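This report covers a few local features of one chain.

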Amino acid sequence: GKVVDALSETGMKDNTILVFTSDNGAYHFGSNYPLRGGKRSFSEGGVRAVTFVHSDLLQKSGYTNTNLHHATDWYATFQKLVGDNTRKHSKPQLPIDGVDIWPSISNDESCRDEILYELRDPSKRLDNIGERALQNAEKYPVNLQSPDVKFRSGRLGSSDAQDFFAIRLRNWKMISGTGFILQGWTATVDKRIATGDSSTMETKTHNWSIVSGTVLYDLSTDIREEHNVADQYPEIVRSLWDKRQGYLEKVKTIPKRIFSRDGQIDGVWKPWKEL
């Protein structure tokens with residue numbers, strides 16, 4: 001609309017990339033059907049988002065791109081496109097997690113085959129949460145076999161998973177840990193389409209359960225994540241779990257924090273004060 005018109009009028013449209021994207025799927029009151037789960041879950045309904053890219057700079061257009069991308073890739077991509085040279089900065093630049101995905105967006109060339117969704121390890125936290133997590137981890141060690149999933153309906157509660165690892169490698173996605181939320185599917189029923197009565201709209205929340213164990217899905221044949229094949233492919237589970245150690249070596253330890261009584265220190269609201 002007006003933005004595109006302004007870019008055209010100023011002669012900037014030919015050298016502009018327009019991106020519309022999202023950070024996650026719909027919340028648990030929404031529906032991502034037929035995908036499983038939603039926001040706050042690591043099922044496809046939570047982590048898979050729609051993105052639209054328009055630019056005269058694209059080598060290929062008018063197609064659906066199914067390559068792997070992560071939200072952190074946008075920074076690396078835009079940095080490369082504008083010709084940012086990190087050596088020119090006055091301060092050393094921290095390493096970034098994203099990769100340049102312009103070859104994928106522009107010409108459908110895959111730029112990554114692995115995504116780390118989340119990694120939690122209680123030994124990396126020295127605060128009260130880490131102490132409780134270590135105690136729970138000793139009682140409930142991670143099981144690399146399928147959990148006994150018994151779904152129940154209701155609002156999502158706190159799950160503070162302890163040892164937790166979620167990763168995707170090409171078509172394989174594994175979620176493994178102690179005490180993590182596993183959501184089901186939700187189809188929002190909107191009867192207004194048929195009746196025109198707004199009072200008949202019905203939205204159901206995801207069925208969910210807090211489980212311990214490992215789930216493995218082959219997304220090339222099971223995009224709905226209906227079939228946990230962790231027990232059928234123990235070698236895949238083990239190879240993905242072994243990647244955890246490499247990531248752990250890059251994770252910084254969260255120090256013990258002393259919480260401020262009133263939340264305000266030197267006129268600034270902070271959750272803790274420095275030792």
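Arg-170 sits in the loop that joins S4 and S5. The model is a predicted one. Although Arg-170 is not a glycine, its phi is positive, at about 50°. A second residue other than glycine with a positive phi is Arg-40, which is placed in the loop between S1 and H2. Most residues other than glycine have a negative phi, and most peptide bonds are trans. The table sets out the two arginines.

| Residue | Phi | Relative accessible area | Loop |
|---|---|---|---|
| Arg-170 | about 50° | 47% | between S4 and S5 |

The peptide bond leading from Tyr-33 to Pro-34 is cis, with omega near 10°.

Helix H7 covers residues 234-248. Its 15 residues, at 1.5 Å a residue, should span 21 Å, and the end C-alpha atoms are 22 Å apart, which agrees. Buried residues in H7 are Ile-236, Val-237, Leu-240, Trp-241, Arg-244 and Leu-248. These residues lie on the same side of H7, because they cover an arc of only 130° around the axis. Their packing partners are strands S3 (114-120), S4 (164-169), S5 (172-183) and S8 (208-218).

On the surface, a nonpolar patch is formed by Phe-78, Leu-81 and Val-82, which together have about 270 Å² of accessible area. Phe-78 belongs to helix H3 (residues 73-81). Its relative accessibility is 35%, so Phe-78 counts as partly exposed.

How values were computed. Residues are numbered from 1 along each chain as its sequence is written. This is a predicted model: local features need pLDDT of at least 70, side-chain atom pairs count only at pLDDT 80 or more; totals for chains, interfaces and linings use all residues. Side-chain values use heavy atoms; hydrogens and water are left out. Patches are made of residues with over 30% relative accessible area and no salt bridge: like charges are joined within 9 Å, nonpolar side chains (Val, Leu, Ile, Met, Phe, Trp, Tyr) within 5 Å. Accessible areas come from the Shrake-Rupley method with a 1.4 Å probe; for residues, only the protein chains shown count as cover. A salt bridge is a side-chain nitrogen of Lys or Arg within 4 Å of a carboxyl oxygen of Asp or Glu. Helices (H or I, at least four residues) and strands (E, at least two) are DSSP runs, numbered from the N terminus. Buried means under 20% relative accessible area, exposed over 50%, partly exposed in between (1.4 Å probe, protein chains only). The expected span of a helix is 1.5 Å times one less than its number of residues. The arc is that of the directions from the helix axis to the C-beta atoms. Contact means heavy atoms within 4.5 Å.
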